[in-house]
Amino acid sequence: MTASTQAPAAPVGLSRSERRKLSEGARAERRFGWLLCAPAVIVMALVAFYPIVYAFILSLQRYDLRFPSQTHWVGFANYGVVLSSGVWWHAFLVTVIIAVVSVAVELVLGMALAMLLHWTPLWRGLVRTSILLPYGIVTVAAAYSWQFAWTPGVGYLANLLPAGSAPLTSQAQSIGIIILAEIWKTTPFMTLLLLAGLALVPDELLRAAKVDGASSWQRFTQIMLPLMKPAILVALLFRTLDAFRIFDNIFILTKGNNGTGSVSILGYDNLFTALNLGIGSTISVLIFLAVAIIAFIFIRGFGTAAPGTSLERR
Amino acid sequence: MTAVAAPAARTTPRRAQQPVIPPRRKISWGTANAITIAWTLFPIWWLIALSFKDPTTLTDGSFWPIKWSGANYAGIFHSSAFIRPLLNSIGIGLISTVISVILGTMAAYAIARLAFPGKTVLIGVSLMIAMFPAISLVNPLFNIERVIGLFNTWPGLIIPYLAFSLPLAIYTLSAFFREIPWDLEKAAKVDGASQRQIFTNVIAPLAAPGIATTSILVFMFCWNEFLFAISLTSTNAARTAPAAMGFFTGVSQFTFPIGSIAAAAVIITIPIVIFVMIFQRRIVAGLTSGAVKG
């Protein structure tokens, strides 16, 4: 990501006159650069940008897959329908709750695990392997594990609850389990990003502070946190955007029943259950906008630590 | 940071010569480690336990199989309902990985080493795409693929996977490429090698560890993907293993094929466990080098 700021350093290594002499070479280099990037750019444009634009176009139409012949333009009417519907706002609220709670818990837990991995004097490889497993495991497989664990009569966790309770049929408890599954699965990612940030905190600095009588809390808040700020922000950005599009865990655990559906589940249901391409696309566009706004807010918050700015330059 | 240094290190314990740890610290660190390991492993163990339970004891709620049996595995491997999706997963995962790592390597090399305008924009745009909500692409892609006949085919899944794995490949690889000793490139230049020759003969071999790591990360992404896999397929012709598992449903709680799902879940977890055990340092380096460096 820092390539943007670091790479231009290369040609600077050449002297000015050398550069002028190489201007023909520089032009060839530029062409070669574009040539190398072209296939990736074309694929990304065709498969990511074109569909987003197409989704917007679809969202302006009344387009029901059951009655394709009745397709017609309706302007922004679909947006009115979605934004004035309680279903959308309910799904939005559920998504926000899941995202905020899981990311907050993951930040704390991830920080603890990063410190454990960084300083533990024993079994380091073993701990690292076990932390990587949830990251790598297929979300659907993990979600089934949680589902079976909480299914009355099957699971060891459900059997710990009072008889007759079925946590996956109650809204609040289901959301709790969804958050638990999400935290289990994605804390490792948070941990690794924070661990990399922690590696930038010089041990001597911490030792010096200790000698000077700083408590461990002071060392944490006044040395580690400020130095880790860029890593923390990057981790929060990635995880928040990722949590906002939560789909797999909910789809397996509750299918979105009992008021546990996220916006992604709502978009999916509108397309594949209601077969309403127009409304489904409207929801797609709205989710896209929500994610763009979250990203924008975060990146404003980054200031100089935005991805693309190298740490050395700060 | 550790991106390239780490893979070079031996897997043998490097901390062997460290001072003796006082027993009390050993106990407290050991406890913390044990809790962490238990937390990460118990949902995985639960799947394994379920998958080896005899079908008659599946609902005994026991954390440990009382009656061990391979019946669940025999069941899923006796029908094409799981084998076909498993083959789809492997095929689609490998093809997507190869294509996106090749295209990603080209772009990342250009970004890391060549001076050309538009580089910053390219990185910003690929980061943006990495953050796209997949559901936003599902609606339009469903309609496009239905019209052009890619719906429910391998390419129909490979193409969207490329869109999401390319950004991952590009920035992981460009982080690795920055660690390569580029003086060799200068030397090759002095010796009269062309940009193209430098790329294929000097840089590509040096870049191999980064490329291997990126391939693992990209494959894991494709292996894990679920939303496109259920939305852009309708039969086992292209449905991947996680998607097929999502449709292993029964009419009620009691006919729910718990044993088959558990066995299938264990099978699709095996490659991940193998990757993680063999390449743990590389995976950590690959995931973090890009993010922290920029």
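At what angle do helix α7 (residues 154-177) of chain B and helix α9 (residues 195-224) of chain B pack? Before I answer, a word on the model.

The model is predicted, so that local features need pLDDT of at least 70 and side-chain atom pairs count only at pLDDT 80 or more, while totals for chains, interfaces and linings use all residues. Residues are numbered from 1 along each chain as its sequence is written, and chains are lettered from A and ligands numbered from 1 in the order in which they are written.

Now to the helices of chain B. α7(B) and α9(B) pack at an angle of about 155°, with their axes 9 Å apart. Axes here are lines fitted to C-alpha atoms, for helices over the stretch in contact, and angles run from 0 to 180 degrees between N-to-C directions. Helices themselves are DSSP runs (H or I, at least four residues), numbered from the N terminus. The angle makes α7(B) roughly antiparallel to α9(B); angles over 145 degrees count as roughly antiparallel, under 35 as roughly parallel, 65 to 115 as roughly perpendicular and the rest as oblique. The contact of α7(B) with α9(B) has 13 nonpolar, 5 polar and no charged residues. Nonpolar covers Ala, Val, Leu, Ile, Met, Phe, Trp, Tyr, Cys and Pro; charged covers Asp, Glu, Lys and Arg; the others, Gly among them, are polar.

I turn to chain A. There, helix α6 (residues 86-119) and helix α9 (residues 171-198) pack at about 45°, with axes 6 Å apart. That makes α6(A) oblique to α9(A). Their contact divides into 20 nonpolar, 6 polar and 2 charged residues.

Helix α7 (residues 124-136) of chain A also packs with α9(A), at about 120° and with axes 7 Å apart. These two helices are therefore oblique to each other. In α7(A), Ile131(A), Leu132(A), Pro134(A) and Tyr135(A) meet residues of α9(A) that include Trp184(A) and Phe189(A).

Next, a bent helix. α11(A) bends by about 60° at Lys229(A), and Pro230(A) follows within four residues. The bend is the angle between axes fitted to the seven residues ending at a residue and the seven starting there.

Finally, the two chains together. Their contact takes 93 residues from chain B and 93 residues from chain A, where residues are in contact if their C-beta atoms, placed from the backbone, lie within 7 Å. On the side of chain B, helix α12 (residues 258-293) gives the largest share, 19 residues. That side divides into 64 nonpolar, 24 polar and 5 charged residues.

Methods: Two residues are in contact if their C-beta atoms, placed from the backbone, lie within 7 Å.
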